Every structure is written in C-alpha cells, then in structure tokens.
Amino acid sequence: MIRTFRMRLTLIYTVCFVVIFFLVAFAAYTEYKQRLYETVDWSLIRLARSMTESKVDANHLERGQEIITRFGTDYHQTVRRDGTTVVGSISSVSQRWPVSMEKLQKALDGRLVYDTVNSQGEKFRVLYFPSGKDEVLRVGASLEEVKKHLESLNRLIIVFPVFLISLAFVISWLLAGIAVAPVIKLRKRAEEIIQSRTPEKIDIGSKGKEIDAIVVIFNNMLEDIQSSLEAHRRFTSDVAHEIRSPLTSLIGNTEVTLRKKRTVEEYEELLRNNLADMVRLSRITDNILFLTKVDNHILELRKQRFDLNHFLTNIVDRFRFKAERSVITMSEQYGETPIELFGDMNLLEQAFSNLLDNAIKYTPRGGMVTIGSAMDESVIRVTISDTGVGIPEGEIPHIFDRFYRGEKEQVKSVGTGLGLSITQWIINANSGKIHVKSKVGAGSDFMVIFPAAEQR
Ligand SMILES: Nc1ncnc2c1ncn2[C@@H]1O[C@H](COP(=O)(O)OP(=O)(O)O)[C@@H](O)[C@H]1O
Ligand SMILES: [Mg+2]
C-alpha cells in the first residue's frame, strides 16, 4: 500500500509519462517505417524508368549488371506473361523472387505494382514495371538495410524506457512535491496553531481554489472551537459568579445574626432571608443542570398531542396568586376552536412558565398580562403580552443569552438570566420560534410560533 499522497501522485504521473511515450514512439516508428519504404519504392521506380527510358531493353541489358543505390544492391529481371524469366541480374538473387501471377497481370495491364517478398530468409521489395508488350520488368531491392534501421530504432524504443521511467519518476516526484507543498504547509501551520492554543487564523496566502477552500473550512472550524471554548469559559465563570452572591449573602447574614443574641422575630427574618437565597441557589442549579443536559445532547424530548388552550389555562392558574399579589390582571384570549399541539408538554410548560413569570415580574402594580392563542392555515401562535417596563432596544438582541439580565433588573429583581435562554431552546426543540416586540415603558410582546404542518 502506498502511504504518501506524494508517492501516489508520482506513480500516476510516471505511468502517464510512460504511456504517452509509447504512444508517441509507436506513431514515430510507423511513420519512419512508412518513409523508408517510400524511399525504397521511389528509387525502384527511378531505376525502372531509367532502364526503360534510356531504351536499354531489359533483354539487352548486360547480364550481371547490378545497380548500387542507397539501400544496397538493386536487382532486376524481366518476366514474361507466363511467369518465366527472360533475363536477370547475374547474382541470380532476382531468380529467387517468387512471381505473383496476379501482380504480374496487373503490371501487364499497365499498372505499377509493388510486392514485398521473402526469399531465403531475406526480404525484398519488388516493383513490377510494365516494360514491353508481353513483358514486365521486375526491379527489386533488399530490405536488409531498412530492417537494420528499424531494428536499431526498435532497440531504442525498448531500451529507452528504462532510462525514461527513471527520469519520469524523478520529474514526477518533483512535480508531485510542488503539488503537495501547500497541503504540507497547511498541515504544519495547523499543527503550530493547535499547539500554541492561540486564537490565530491560518494564512498561507492563496494557493489555488481547492487549497483555499480547505483553509477557509479549517479557519471556520478553529473559530468554532475558539468560540465554544470561550463560551465554556464564560459559562463557568458566570455560574461561579451567580452562585457566589446568594452564598455570600447566606454566610454574611447568618454571621451577622449570630454575633449576639436575637429575638425570635430576628431569627425568623434570618431564616426567611436564608430560605430565599437557598431557593435561588436551587433554581440556579436546576437551570444549569438543564443547560448542561442541553449542551451534552442528553435531553430527550417526549412529544405528545395535547390541547393547547387547556394547557395554557393550567399554567395561568398557577400564576394567579403571584399576579394577584402584584395587583396584575391576567387576561386569557383563546379562539373558539380547540388547538392541538404536538410537543414535549413538560418542557413547554417550563418555557411558557418562564415567559409568564417574566411578564408578571417585569410589570409594575396595576398592569396587565395577556395570554392568547390563535391558529391559521400555516401557524399556531401563542402570545404573552404585558404592560410592563419594556426592554430597551439595545438589550433585545441579548435577552436570550445565558446569564443575561437587563441593566435595571440586575439590581431590582431576583433572577438568573437563564430563563429566556432555556425557553428559547425548548421552543426551538419543539420546532417553534420565539419573537419579541417591546417598547420601554409600554410593555413587551413575546410571540411563540409553531408551524401548523408539524402538528399533523
Ligand atoms: N416581559 C419582560 N419585560 C421586560 N423585560 C423582560 C421581559 N422578559 C425578559 N426581560 C428582560 O430579559 C432579561 C432576561 O430574561 P430571563 O432570561 O428570563 O432572565 P431573568 O428573568 O432571570 O432576569 C431580563 O433580565 C429582563 O431584562
Ligand atoms: Mg426570567
């Protein structure tokens, strides 16, 4: 198995090189062979022409006369219609050329015909040249020289690849090196960043679209990791901070009270204060536990079908006492037709309780909180509106953040700043969305929307 990418590239390149070489070599070889044959053929024609045109009748050509040309010795011979030889060159080489009656006939008809024949292990190119009424002049040349030329070329083609493969391998290795260089650079830079644990970005300059895309993905990943580390750090410190204040007040109050003997009323007061702090601590712990489960994806939804208006009425009833205590009127506005919702009832109850709790908490005495629901073709809508203090525009984008509390609320009321982030998570997990509209001094509208299609 080839382990490195560079080696794989190298081998692919090498194979390509070699294949291309053989294709080119084959083409060159065929072309060269063709040229050689053409040269031989031309010299044969020229010879035949000069023999006939100079009126040197083949019959009267001196016996034994041989013509030396570039490719060695050329031989000649005159053949009759019946295939018998009239006269030929002395070396009797021409005598051994087999006569093709078919080609002889064509030549007698006045055409130039070529033949490649084997005679005693030697190859000849023979031209049938019409030279007389019933005679054909055959001139031929040995192809031994041509064969030698082709053989040496062949040897070159066979031997060269050994050298070629090594060369191709080296060149490919260098090319592959250039190709993988950016990847190696990317890896090294990534390793450095991971080791140094600094919030850096990879910047290796533009190295082509593909590599650049990887760099972008990598940087996004780094950013994600950074921001989730950051969120984790912030969460931990926020948790510590939130737990710290009730604990400090618990310890402080208790210490102060214990400094001297107190009346029963004073002890009762201490216990009441302590209880409030402990309730707060327990609420914070519950919320943190919830969010931890969310973060670790171990919170399971148990969805079921239920009647939304009935469900909302139950929640409102549980807040009635609290509202009355703050002199706040609660109004419910549901449509005639019952609405069915499909979701996790327990979680949704927590979500709407948070919203209702906020609405009452952030509405001054004499105010009003309205809970309504409606359904149309596409959505189911639940609204929780109040005539409370409202949320400054600049704060709206943050109210769903963990531990975020409004500037004023931080001093005035108790709360953890976790309520809305939990609420939002629950709504989203039940495929809903939550929106806020608010005006300082006039009140806030929280609107929860579920797509109707999800409910069927
Ligand atoms: N109905 C509301 N009216 C005015 N402000 C609100 C309302 N609901 C939420 N807020 C603002 O959003 C902040 C975050 O809400 P939440 O997450 O429930 O935290 P908490 O209620 O513990 O402060 C609150 O501190 C408050 O400033
Ligand atoms: Mg709240």
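Along the principal axes, the C-alpha atoms fill a box of roughly 160 × 60 × 35 Å. Buried residues account for 22% of the 456 residues. Switch to a cartoon to see nine helices and 13 strands. Of the contacts between residues at least 6 apart in sequence, 64% join residues at least 24 apart.

Next, colour by pLDDT. The chain average is 87, and 93% of the residues score at least 70. Select residues 57-65, where the pLDDT is below 50. Beyond near neighbours in sequence, this stretch has 17 contacts in the model. Where pLDDT is low, predicted coordinates should not be read in detail.

Now select residues 144-196, which form helix H3. H3 has 53 residues and spans 76 Å from its first C-alpha to its last, close to the 78 Å expected at 1.5 Å a residue. Centre on Val 180, where H3 bends by about 40°. A proline, Pro 182, follows within four residues.

Stay on H3 and show Ala 168, Ser 172 and Ala 176, which are buried. In an α-helix there are 3.6 residues a turn, so residues three or four places apart point the same way. Then step past the end of H3 to Arg 197, whose phi is positive, near 55°.

Move to ligand 1 and show the 21 residues around it. Tyr 362, Gly 406, Gly 415, Gly 419 and Leu 420 come nearest. Which helices each supply at least two residues of the shell around ligand 1? They are helix H7 (345-361) and helix H9 (419-429). The largest share of this shell, three residues, comes from H7.

Finish on H7. This helix has 17 residues and reaches 24 Å from its first C-alpha to its last, close to the 24 Å expected at 1.5 Å a residue. Show its buried residues: Leu 347, Leu 348, Ala 351, Phe 352, Asn 354, Leu 355, Leu 356, Asn 358 and Ala 359. What do the buried residues of H7 pack against? Select helix H6 (308-325) and H9, then strands S9 (340-344), S10 (368-375), S11 (379-386) and S13 (443-451); the buried residues of H7 pack against these elements. H9 is also one of the helices that supply at least two residues of the shell around ligand 1.

Notes:
Residues numbered from 1 in each chain as written. Chains lettered and ligands numbered in written order. Predicted model: local features only at pLDDT ≥ 70, side-chain atom pairs only at ≥ 80, totals over all residues. pLDDT = per-residue confidence, 0-100. Contact = placed C-beta atoms within 7 Å. Buried ≥ 20, exposed ≤ 12 C-beta atoms within 10 Å, placed from the backbone. Expected span 1.5 Å × (residues − 1). Bend = angle between axes of the 7 residues up to and from the residue. Near = placed C-beta within 6 Å.
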